Amino acid sequence: MIYADNAATTRLDEEAFDSMRKYMVEEFGNPSQPYSFSRSTRKALLESREIIASCIGADSDEIFFTSGGTESDNWALKGYMNKQKDKSLLVSSIEHHAVLNTASALKRVGTEVRYLKVNEEGTVLPSFLESEIDNNVALVSVMLANNEIGSIQPLNELSKITHNIGARIHTDAVQAVGHINVNVNDLDVDMLSASAHKFNGPRGIGFLYIRKGTDLYPLIDGGGQEKKLRSGTENVASIVAMAIALKKNNDEISRNKEKLTCIENELISRLKIKGLNFIRNGSPNRIPGNVNLSFKDADGEMLLHRLDLMGICISTGSACDSKNSQISHVIEAIGVPPEYAYGTIRISFGRDNTINDAITIANAIEKVVAEKI
Ligand code: PLP
(Lines give C-alpha, C1' and ligand atoms only; values in the text may rest on other atoms or scores of the structure.)
Protein backbone atom coordinates (compact mmCIF):
# COMPACT_ATOMS: atom_id res chain seq x y z
CA MET A 1 0.00 0.00 0.00
CA ILE A 2 1.22 3.50 -0.79
CA TYR A 3 -0.21 6.07 1.59
CA ALA A 4 -0.15 9.51 -0.06
CA ASP A 5 -2.92 11.28 1.85
CA ASN A 6 -0.87 12.90 4.61
CA ALA A 7 -2.94 16.09 4.49
CA ALA A 8 -5.90 13.99 5.72
CA THR A 9 -3.93 12.39 8.53
CA THR A 10 -0.45 11.04 9.24
CA ARG A 11 1.00 7.87 10.75
CA LEU A 12 1.63 8.23 14.48
CA ASP A 13 5.34 8.58 15.27
CA GLU A 14 6.56 5.41 17.05
CA GLU A 15 8.41 7.30 19.78
CA ALA A 16 5.34 9.45 20.40
CA PHE A 17 3.21 6.29 20.58
CA ASP A 18 5.62 4.60 23.02
CA SER A 19 5.47 7.65 25.31
CA MET A 20 1.69 7.27 25.75
CA ARG A 21 1.61 3.95 27.61
CA LYS A 22 3.16 5.37 30.77
CA TYR A 23 0.40 7.99 31.16
CA MET A 24 -2.40 5.56 30.39
CA VAL A 25 -1.64 2.53 32.54
CA GLU A 26 1.08 3.53 34.99
CA GLU A 27 1.04 7.22 35.89
CA PHE A 28 -2.63 7.80 35.18
CA GLY A 29 -3.37 10.28 37.96
CA ASN A 30 -5.74 13.15 37.23
CA PRO A 31 -3.43 16.18 36.94
CA SER A 32 -5.87 18.31 38.94
CA GLN A 33 -5.61 16.13 42.07
CA PRO A 34 -3.32 17.44 44.82
CA TYR A 35 -1.77 14.10 45.93
CA SER A 36 1.76 13.12 44.99
CA PHE A 37 0.64 10.39 42.54
CA SER A 38 -0.57 13.18 40.22
CA ARG A 39 2.70 15.07 40.38
CA SER A 40 4.18 13.30 37.37
CA THR A 41 1.15 13.93 35.13
CA ARG A 42 1.15 17.60 36.15
CA LYS A 43 4.86 17.78 35.32
CA ALA A 44 4.28 16.05 31.96
CA LEU A 45 1.57 18.60 31.12
CA LEU A 46 3.83 21.49 32.04
CA GLU A 47 6.78 20.17 30.05
CA SER A 48 4.65 19.37 26.99
CA ARG A 49 3.16 22.85 27.06
CA GLU A 50 6.67 24.31 27.16
CA ILE A 51 7.92 22.15 24.27
CA ILE A 52 4.90 23.06 22.12
CA ALA A 53 5.20 26.76 22.95
CA SER A 54 8.89 26.80 22.03
CA CYS A 55 8.12 25.14 18.67
CA ILE A 56 5.94 28.10 17.64
CA GLY A 57 7.69 30.95 19.47
CA ALA A 58 4.94 31.35 22.08
CA ASP A 59 4.94 31.50 25.88
CA SER A 60 3.73 28.31 27.52
CA ASP A 61 0.79 30.08 29.20
CA GLU A 62 -0.51 30.96 25.73
CA ILE A 63 -1.02 27.27 24.75
CA PHE A 64 -4.44 25.71 25.46
CA PHE A 65 -5.04 22.02 24.78
CA THR A 66 -8.10 21.04 22.74
CA SER A 67 -9.44 17.95 20.98
CA GLY A 68 -7.98 19.05 17.64
CA GLY A 69 -8.22 21.51 14.77
CA THR A 70 -12.00 21.61 14.55
CA GLU A 71 -12.42 22.49 18.21
CA SER A 72 -9.64 25.07 18.10
CA ASP A 73 -11.25 26.80 15.10
CA ASN A 74 -14.71 26.73 16.71
CA TRP A 75 -13.34 28.12 19.95
CA ALA A 76 -11.33 30.92 18.32
CA LEU A 77 -14.23 32.18 16.22
CA LYS A 78 -17.16 31.61 18.60
CA GLY A 79 -15.21 32.46 21.75
CA TYR A 80 -14.02 35.76 20.32
CA MET A 81 -17.07 36.86 18.30
CA ASN A 82 -19.51 36.11 21.12
CA LYS A 83 -17.73 38.82 23.14
CA GLN A 84 -18.08 41.34 20.30
CA LYS A 85 -21.56 42.79 20.08
CA ASP A 86 -22.73 43.79 16.57
CA LYS A 87 -19.29 43.31 15.07
CA SER A 88 -18.34 41.51 11.85
CA LEU A 89 -16.22 38.48 11.10
CA LEU A 90 -14.07 38.25 7.96
CA VAL A 91 -12.98 34.81 6.74
CA SER A 92 -11.29 33.70 3.54
CA SER A 93 -13.40 31.84 1.00
CA ILE A 94 -11.00 28.84 0.95
CA GLU A 95 -11.04 28.06 4.68
CA HIS A 96 -11.55 24.50 5.92
CA HIS A 97 -15.16 23.74 6.87
CA ALA A 98 -14.09 23.86 10.52
CA VAL A 99 -13.90 27.63 9.98
CA LEU A 100 -16.54 28.09 7.26
CA ASN A 101 -19.26 26.17 9.09
CA THR A 102 -18.38 27.88 12.38
CA ALA A 103 -18.80 31.21 10.57
CA SER A 104 -22.20 29.99 9.28
CA ALA A 105 -23.21 29.02 12.82
CA LEU A 106 -22.31 32.52 14.01
CA LYS A 107 -24.28 33.99 11.10
CA ARG A 108 -27.37 32.07 12.25
CA VAL A 109 -27.25 33.86 15.59
CA GLY A 110 -26.80 37.32 14.10
CA THR A 111 -23.08 37.89 13.43
CA GLU A 112 -22.33 39.55 10.13
CA VAL A 113 -19.87 37.35 8.19
CA ARG A 114 -17.98 38.51 5.11
CA TYR A 115 -15.75 36.49 2.83
CA LEU A 116 -12.34 37.34 1.39
CA LYS A 117 -11.63 36.33 -2.18
CA VAL A 118 -8.40 34.66 -3.31
CA ASN A 119 -6.44 34.92 -6.56
CA GLU A 120 -5.96 32.04 -9.00
CA GLU A 121 -3.12 30.66 -6.87
CA GLY A 122 -5.34 30.53 -3.80
CA THR A 123 -3.68 33.49 -2.10
CA VAL A 124 -5.46 36.19 -0.09
CA LEU A 125 -3.58 39.22 -1.39
CA PRO A 126 -3.14 42.01 1.20
CA SER A 127 -5.02 44.33 -1.18
CA PHE A 128 -8.07 42.01 -1.00
CA LEU A 129 -8.13 42.38 2.78
CA GLU A 130 -7.54 46.14 2.58
CA SER A 131 -10.59 46.62 0.38
CA GLU A 132 -12.86 44.45 2.55
CA ILE A 133 -11.87 45.40 6.11
CA ASP A 134 -13.48 48.28 8.02
CA ASN A 135 -13.92 49.49 11.59
CA ASN A 136 -16.82 47.14 12.19
CA VAL A 137 -14.65 44.04 11.73
CA ALA A 138 -13.65 42.45 15.05
CA LEU A 139 -11.92 39.31 13.79
CA VAL A 140 -10.21 38.12 10.61
CA SER A 141 -9.58 34.40 10.08
CA VAL A 142 -7.23 33.31 7.29
CA MET A 143 -5.60 29.88 7.23
CA LEU A 144 -1.82 29.68 7.12
CA ALA A 145 -1.75 26.87 4.55
CA ASN A 146 -4.65 25.48 2.58
CA ASN A 147 -5.51 21.81 3.08
CA GLU A 148 -6.40 21.16 -0.57
CA ILE A 149 -3.90 23.12 -2.64
CA GLY A 150 -1.27 23.89 0.00
CA SER A 151 -1.01 27.64 -0.71
CA ILE A 152 0.72 29.55 2.10
CA GLN A 153 -0.83 32.90 2.95
CA PRO A 154 1.03 36.19 3.57
CA LEU A 155 -0.13 36.16 7.20
CA ASN A 156 2.30 38.75 8.48
CA GLU A 157 1.03 41.36 6.01
CA LEU A 158 -2.59 40.41 6.68
CA SER A 159 -1.97 40.76 10.43
CA LYS A 160 -0.57 44.26 10.00
CA ILE A 161 -3.62 45.43 8.06
CA THR A 162 -5.94 43.80 10.63
CA HIS A 163 -4.17 45.32 13.64
CA ASN A 164 -4.11 48.77 12.00
CA ILE A 165 -7.88 48.97 12.32
CA GLY A 166 -7.81 47.52 15.85
CA ALA A 167 -9.18 44.06 14.99
CA ARG A 168 -7.72 40.63 15.88
CA ILE A 169 -6.52 37.88 13.59
CA HIS A 170 -6.83 34.08 13.88
CA THR A 171 -5.07 31.57 11.65
CA ASP A 172 -5.94 27.93 11.10
CA ALA A 173 -2.40 26.55 10.93
CA VAL A 174 -3.47 22.89 11.04
CA GLN A 175 -1.70 22.07 7.76
CA ALA A 176 1.34 24.22 8.52
CA VAL A 177 2.50 23.44 12.06
CA GLY A 178 5.25 20.80 11.96
CA HIS A 179 5.68 21.26 8.19
CA ILE A 180 7.00 24.81 7.81
CA ASN A 181 8.57 27.13 10.37
CA VAL A 182 5.75 28.74 12.31
CA ASN A 183 6.45 31.60 14.71
CA VAL A 184 3.47 33.42 16.19
CA ASN A 185 5.45 36.65 16.57
CA ASP A 186 6.71 36.67 12.97
CA LEU A 187 3.16 35.95 11.81
CA ASP A 188 1.89 38.52 14.32
CA VAL A 189 -1.32 36.53 14.90
CA ASP A 190 -3.55 36.65 17.99
CA MET A 191 -4.82 33.06 17.79
CA LEU A 192 -3.56 29.96 15.99
CA SER A 193 -5.13 26.49 15.65
CA ALA A 194 -3.14 23.27 15.36
CA SER A 195 -3.89 19.55 15.30
CA ALA A 196 -1.49 16.76 16.29
CA HIS A 197 -2.58 14.13 13.76
CA LYS A 198 -1.35 16.32 10.91
CA PHE A 199 2.22 16.20 12.24
CA ASN A 200 2.54 12.51 13.18
CA GLY A 201 0.93 12.97 16.59
CA PRO A 202 -2.23 11.22 17.83
CA ARG A 203 -5.69 11.94 16.43
CA GLY A 204 -8.09 13.76 18.75
CA ILE A 205 -5.67 16.22 20.31
CA GLY A 206 -4.56 19.73 19.33
CA PHE A 207 -4.12 23.18 20.71
CA LEU A 208 -5.16 26.78 20.37
CA TYR A 209 -2.52 29.47 20.82
CA ILE A 210 -4.09 32.56 22.40
CA ARG A 211 -1.91 35.66 22.60
CA LYS A 212 -1.91 37.30 26.06
CA GLY A 213 -4.58 39.97 26.21
CA THR A 214 -6.89 38.28 23.68
CA ASP A 215 -10.16 37.97 25.51
CA LEU A 216 -12.52 35.15 24.58
CA TYR A 217 -15.25 33.03 26.14
CA PRO A 218 -14.64 29.32 26.72
CA LEU A 219 -16.24 27.00 24.18
CA ILE A 220 -16.46 24.11 26.67
CA ASP A 221 -17.60 24.89 30.20
CA GLY A 222 -17.13 22.62 33.17
CA GLY A 223 -14.56 21.94 35.86
CA GLY A 224 -12.31 24.85 34.91
CA GLN A 225 -9.17 23.18 33.52
CA GLU A 226 -6.83 25.16 31.24
CA LYS A 227 -7.12 28.33 33.33
CA LYS A 228 -10.94 28.04 33.32
CA LEU A 229 -10.96 28.42 29.53
CA ARG A 230 -11.21 24.78 28.35
CA SER A 231 -12.77 22.36 30.78
CA GLY A 232 -12.40 18.59 30.79
CA THR A 233 -9.80 16.27 32.35
CA GLU A 234 -6.64 16.64 30.29
CA ASN A 235 -5.70 13.90 27.82
CA VAL A 236 -2.17 13.71 29.23
CA ALA A 237 -0.95 10.72 27.16
CA SER A 238 -1.96 12.37 23.88
CA ILE A 239 -0.60 15.75 24.96
CA VAL A 240 2.81 14.21 25.77
CA ALA A 241 2.83 12.37 22.42
CA MET A 242 1.78 15.55 20.57
CA ALA A 243 4.75 17.45 22.05
CA ILE A 244 7.20 14.68 21.10
CA ALA A 245 5.82 14.47 17.55
CA LEU A 246 5.88 18.23 17.04
CA LYS A 247 9.43 18.66 18.33
CA LYS A 248 10.64 15.79 16.11
CA ASN A 249 8.95 17.16 12.99
CA ASN A 250 10.05 20.71 13.73
CA ASP A 251 13.68 19.62 14.04
CA GLU A 252 13.46 17.99 10.60
CA ILE A 253 11.60 20.71 8.68
CA SER A 254 14.33 21.59 6.19
CA ARG A 255 15.40 17.99 5.61
CA ASN A 256 11.80 16.88 5.08
CA LYS A 257 11.17 19.79 2.73
CA GLU A 258 14.16 18.86 0.61
CA LYS A 259 13.09 15.22 0.44
CA LEU A 260 9.44 16.01 -0.31
CA THR A 261 10.37 18.49 -3.04
CA CYS A 262 12.39 15.74 -4.80
CA ILE A 263 9.43 13.35 -4.58
CA GLU A 264 7.00 15.98 -5.90
CA ASN A 265 9.33 16.88 -8.77
CA GLU A 266 9.70 13.24 -9.73
CA LEU A 267 5.93 12.81 -9.90
CA ILE A 268 5.36 15.99 -11.92
CA SER A 269 8.16 15.37 -14.41
CA ARG A 270 7.00 11.77 -15.01
CA LEU A 271 3.41 12.89 -15.59
CA LYS A 272 4.68 15.50 -18.05
CA ILE A 273 6.89 13.01 -19.93
CA LYS A 274 3.84 10.76 -20.27
CA GLY A 275 2.11 13.65 -22.05
CA LEU A 276 -0.87 13.85 -19.68
CA ASN A 277 -2.92 17.04 -19.86
CA PHE A 278 -3.16 18.50 -16.35
CA ILE A 279 -2.87 21.68 -14.27
CA ARG A 280 -1.03 21.84 -10.94
CA ASN A 281 -3.13 23.95 -8.57
CA GLY A 282 -1.99 26.31 -5.84
CA SER A 283 0.76 28.80 -5.26
CA PRO A 284 4.47 28.00 -5.82
CA ASN A 285 4.77 29.00 -2.15
CA ARG A 286 3.04 25.93 -0.80
CA ILE A 287 3.27 23.34 1.95
CA PRO A 288 5.89 20.63 1.19
CA GLY A 289 4.43 17.40 -0.17
CA ASN A 290 1.18 18.88 -1.50
CA VAL A 291 0.44 18.01 -5.13
CA ASN A 292 -3.03 19.06 -6.25
CA LEU A 293 -3.67 18.19 -9.89
CA SER A 294 -6.60 18.70 -12.25
CA PHE A 295 -6.63 16.32 -15.24
CA LYS A 296 -8.50 17.39 -18.38
CA ASP A 297 -11.74 15.49 -19.04
CA ALA A 298 -11.09 13.12 -16.12
CA ASP A 299 -13.18 12.23 -13.09
CA GLY A 300 -11.41 12.73 -9.75
CA GLU A 301 -13.76 10.36 -7.95
CA MET A 302 -13.11 7.61 -10.48
CA LEU A 303 -9.35 8.26 -10.27
CA LEU A 304 -9.44 7.89 -6.49
CA HIS A 305 -11.24 4.54 -6.65
CA ARG A 306 -9.09 3.13 -9.47
CA LEU A 307 -5.90 4.10 -7.61
CA ASP A 308 -7.38 2.58 -4.45
CA LEU A 309 -7.74 -0.74 -6.30
CA MET A 310 -4.03 -0.47 -7.12
CA GLY A 311 -3.22 0.04 -3.42
CA ILE A 312 -2.71 3.81 -3.53
CA CYS A 313 -4.43 6.19 -1.08
CA ILE A 314 -4.96 9.74 -2.33
CA SER A 315 -7.90 12.11 -2.11
CA THR A 316 -10.19 14.17 -4.31
CA GLY A 317 -10.57 17.82 -3.37
CA SER A 318 -10.63 17.73 0.40
CA ALA A 319 -10.69 14.50 2.40
CA CYS A 320 -13.22 16.05 4.70
CA ASP A 321 -15.53 16.38 1.68
CA SER A 322 -14.96 12.90 0.36
CA LYS A 323 -18.66 11.99 0.25
CA ASN A 324 -19.33 15.00 -1.91
CA SER A 325 -18.56 14.68 -5.60
CA GLN A 326 -19.13 18.39 -6.32
CA ILE A 327 -16.22 20.60 -7.26
CA SER A 328 -14.70 21.69 -3.96
CA HIS A 329 -15.15 25.29 -2.80
CA VAL A 330 -11.39 25.78 -3.08
CA ILE A 331 -11.12 24.57 -6.68
CA GLU A 332 -14.13 26.78 -7.49
CA ALA A 333 -12.63 29.83 -5.72
CA ILE A 334 -9.37 29.64 -7.71
CA GLY A 335 -11.31 29.36 -10.97
CA VAL A 336 -10.08 26.02 -12.35
CA PRO A 337 -11.86 25.59 -15.74
CA PRO A 338 -14.69 22.99 -15.54
CA GLU A 339 -13.09 20.61 -18.08
CA TYR A 340 -10.22 20.26 -15.58
CA ALA A 341 -12.01 20.89 -12.27
CA TYR A 342 -13.91 17.57 -12.17
CA GLY A 343 -10.64 15.70 -12.64
CA THR A 344 -9.01 17.06 -9.49
CA ILE A 345 -7.04 14.89 -7.08
CA ARG A 346 -4.84 15.71 -4.08
CA ILE A 347 -1.70 13.68 -3.51
CA SER A 348 -0.05 14.62 -0.22
CA PHE A 349 3.32 13.07 0.45
CA GLY A 350 4.69 12.76 3.97
CA ARG A 351 7.95 11.85 5.65
CA ASP A 352 7.48 8.10 5.04
CA ASN A 353 7.11 8.43 1.26
CA THR A 354 9.89 7.68 -1.24
CA ILE A 355 10.82 8.52 -4.83
CA ASN A 356 9.59 5.03 -5.78
CA ASP A 357 6.14 5.95 -4.49
CA ALA A 358 6.11 8.92 -6.89
CA ILE A 359 7.12 6.65 -9.80
CA THR A 360 4.43 4.07 -8.96
CA ILE A 361 1.76 6.77 -8.60
CA ALA A 362 2.73 8.39 -11.92
CA ASN A 363 2.48 5.02 -13.70
CA ALA A 364 -0.87 4.28 -12.07
CA ILE A 365 -2.30 7.69 -13.00
CA GLU A 366 -1.15 7.23 -16.59
CA LYS A 367 -2.96 3.88 -16.75
CA VAL A 368 -6.20 5.31 -15.41
CA VAL A 369 -6.22 8.67 -17.21
CA ALA A 370 -4.69 7.75 -20.57
CA GLU A 371 -6.16 4.29 -20.93
CA LYS A 372 -9.38 5.16 -19.05
CA ILE A 373 -9.39 1.72 -17.40
N1 PLP B 1 -8.31 22.86 9.50
C2 PLP B 1 -7.65 22.35 8.45
C3 PLP B 1 -6.94 23.26 7.52
C4 PLP B 1 -7.62 20.96 8.24
O5 PLP B 1 -6.96 20.46 7.20
C6 PLP B 1 -8.32 20.13 9.15
C7 PLP B 1 -8.39 18.67 8.92
O8 PLP B 1 -8.42 18.19 7.81
C9 PLP B 1 -8.98 20.72 10.24
C10 PLP B 1 -8.96 22.08 10.38
C11 PLP B 1 -9.69 19.88 11.26
O12 PLP B 1 -8.77 19.31 12.14
P13 PLP B 1 -9.15 18.06 13.08
O14 PLP B 1 -9.24 16.88 12.16
O15 PLP B 1 -8.01 17.95 14.03
O16 PLP B 1 -10.41 18.39 13.75
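**Notebook: rings and ligand**

I started with Lys117, which lies over the face of Phe128 at 4.5 Å from the ring centre. My criterion for a charge over a ring was NZ of Lys or CZ of Arg within 6 Å of the ring centre and within 35 degrees of the ring normal. Lys83 lies over the face of Tyr217, at 4.6 Å from the ring centre.

A note on the model: it is predicted, so local features need pLDDT of at least 70 and side-chain atom pairs pLDDT 80 or more, while totals for chains, interfaces and linings use all residues. Residues are numbered from 1 along each chain as its sequence is written, and side-chain values use heavy atoms, without hydrogens and water.

Next I looked up aromatic pairs (ring centres within 6.5 Å, with the six-membered ring for Trp), and the structure holds three. Phe28 and Phe37 have ring centres 5.1 Å apart and planes at 75 degrees, so I logged the pair as edge-to-face (planes over 60 degrees apart). Are these two buried or exposed? Phe28 is exposed at 53% relative accessible area, and Phe37 is partly exposed at 39% (buried is under 20%, exposed over 50%, partly exposed in between; 1.4 Å probe, protein chains only).

Then I turned to the ligand. A ligand oxygen is 2.5 Å from an N or O atom in the side chain of Thr70, and one is 2.9 Å from a polar side-chain atom of His197.

Conventions: A polar contact is a pair of N or O atoms within 3.5 Å; within protein, one must be able to donate a hydrogen and the other to accept it, and residues adjacent in sequence count only if both atoms are side-chain atoms. Rings of Phe, Tyr and Trp (its six-membered ring) pair if their centres lie within 6.5 Å; planes under 30 degrees apart count as stacked, over 60 as edge-to-face and the rest as tilted.
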